Amino acid sequence: MNANTKSQTNNNNHAMSDQMKALEAQIAELQEQNKQLQQNLDDTNVELQAVTDEFERAYTEVVEARKEVERANNVKSAFLASMSHELRTPLNAIINFTKFILKEKMGPITEQQSTALKKVESSGVHLLNLINDVLDISKIESGSMSLLVESNVNTGDLLKRAMPMAEALLEEKDVTLEMNIPDDLPTIIGDRQRIFQILINIMSNACKFTEEGKISVQASYDDKNIAIEFVDTGSGIAEDEQKEVFVSFKQTEAGLRKGSGTGLGMPISNPLAEAHGGDLTFT
């Protein structure tokens, strides 16, 4: 072998040695990067597990809190139902005895006594209605409200029954009450008394908040639905307060100014309407 051949071989060996060193350096660098990536992955997994544990803890707390709220709500509803039943019995007795005295079945009374007794009767009836509202909302909230369903409920007749009550509420107001009910309005399936309750609640609100002008009640129907529309010239309900009308014990600004009622009429009427496959809306 000549000197040139040995020199070339040595050069090749040195080149391969340099390449091996460079490759080993790259491998070492990759291993270090892989080690760092694995460490980052492990750290991320630890953080992710911590977040998961925190989420599960928070979720468990929310579930337990919800159960506690439901238990408290059921206890409240049961208490209200029990209290309402206990109050209604003596209150009915007070109202009935007052009526007997007014009819002079227990002897003659003076005009002054008659006036005072009429106020007692009116206040008693008002209080009884409030108690009935509390009882109804407690039943609705606890899911124990039941319907007495009939197959031939005539909403037109129910609206006509509501007219004298509305006229009594408007007796001292300059308000005209108009009703446009088709004679051929079809009957529906539902709870007659609860549907009447819905109509009375809406009609009473219209009478309460209309000081002058007109209240119009119109009914129409198509192949599937009966629509009953109440239109009045009263103060109305601001758009941002319309949802609050259906919240128990919540009153609009106009309602607070009036200072009467408990704010239960519409919260009771809405679920009753939904239970009959209908709904209450503003236009």
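# Reading helix packing and exposure

Me: How are α2 and α6 placed relative to each other?

Reply: α2 and α6 are oblique to each other. Angles under 35 degrees count as roughly parallel, over 145 as roughly antiparallel, 65 to 115 as roughly perpendicular, and the rest as oblique. Before going on, know the ground rules. This is a predicted model, where local features need pLDDT of at least 70 and side-chain atom pairs count only at pLDDT 80 or more, while totals for chains, interfaces and linings use all residues. Residues are numbered from 1 along each chain as its sequence is written, and side-chain values use heavy atoms, leaving out hydrogens and water.

Me: What describes two packed helices?

Reply: Two values do: the angle between the axes and the distance between them. Axes are lines fitted to C-alpha atoms, for helices over the stretch in contact, and angles run from 0 to 180 degrees between N-to-C directions. Now the case here. Helix α2 covers residues 111-142 and helix α6 covers 265-275. Their axes come within 10 Å and cross at roughly 45 degrees.

Me: Which hand does the crossing of α2 and α6 have, left or right?

Reply: α2 passes α6 in a left-handed crossing. Left-handed means that the near helix is turned anticlockwise from the far one by less than a right angle; right-handed means clockwise.

Me: Which residues of α2 and α6 meet?

Reply: Contact means heavy atoms within 4.5 Å. From α2 come Asp133, Asp136, Ile137 and Ile140. They meet Pro267, Ile268 and Pro271 of α6. By class, that contact has five nonpolar, no polar and two charged residues. Ala, Val, Leu, Ile, Met, Phe, Trp, Tyr, Cys and Pro count as nonpolar, Asp, Glu, Lys and Arg as charged, and the others, Gly among them, as polar.

Me: At what angle do α4 and α6 pack?

Reply: About 140 degrees, with the axes 9 Å apart. That makes α4 oblique to α6. The crossing of α4 and α6 is left-handed. On the α4 side, the contact uses Arg194, Gln197, Ile198, Asn201, Ile202 and Asn205. On the α6 side are Gly265, Met266, Ile268, Ser269, Leu272 and Ala273. The classes are six nonpolar, five polar and one charged.

Me: How do α3 and α4 pack?

Reply: Helix α3 (residues 155-169) and helix α4 (residues 192-208) pack at about 35 degrees, with axes 9 Å apart. This crossing is right-handed. Residues of α3 in the contact include Leu158, Leu159 and Met165. Those of α4 include Ile195, Phe196 and Met203. The contact of α3 with α4 has twelve nonpolar, two polar and two charged residues.

Me: Is Leu158 buried or exposed?

Reply: Start with the cut-offs. Buried means under 20% relative accessible area, exposed over 50%, partly exposed in between (1.4 Å probe, protein chains only). Leu158 is buried, at 2%. Leu158 lies in α3. Not counting residues up to four places away in sequence, Leu158 touches Val153, Arg192, Ile195, Phe196 and Leu199.

Me: Where is Met179, and what does Met179 contact?

Reply: Met179 sits in strand β2 (residues 174-180). At a relative accessible area of 25%, Met179 is partly exposed. Leaving aside neighbours within four places in sequence, Met179 contacts Leu159, Lys160, Met163, Met203 and Val217. Val217 is 38 residues away along the chain, yet the two C-alpha atoms are separated by 4.7 Å.

Me: Is Asp184 buried or exposed?

Reply: Asp184 counts as exposed, at 52% relative accessibility. Asp184 is in the loop between β2 and β3 (188-191).

Me: What about phi at Glu104?

Reply: Most residues other than glycine have a negative phi. Glu104 has a positive one, near 60 degrees. Glu104 lies in the loop between α1 (3-102) and α2. At 41% relative accessibility, Glu104 is partly exposed.

Me: How many helices and strands does the protein have?

Reply: Six helices and five strands. Helices (H or I, at least four residues) and strands (E, at least two) are DSSP runs, numbered from the N terminus. The order from the N terminus is α-α-β-α-β-β-α-β-β-α-α.

Me: What percentage of the residues is buried?

Reply: Buried residues make up 24% of the 283. Among contacts between residues at least 6 apart in sequence, 69% join residues at least 24 apart.
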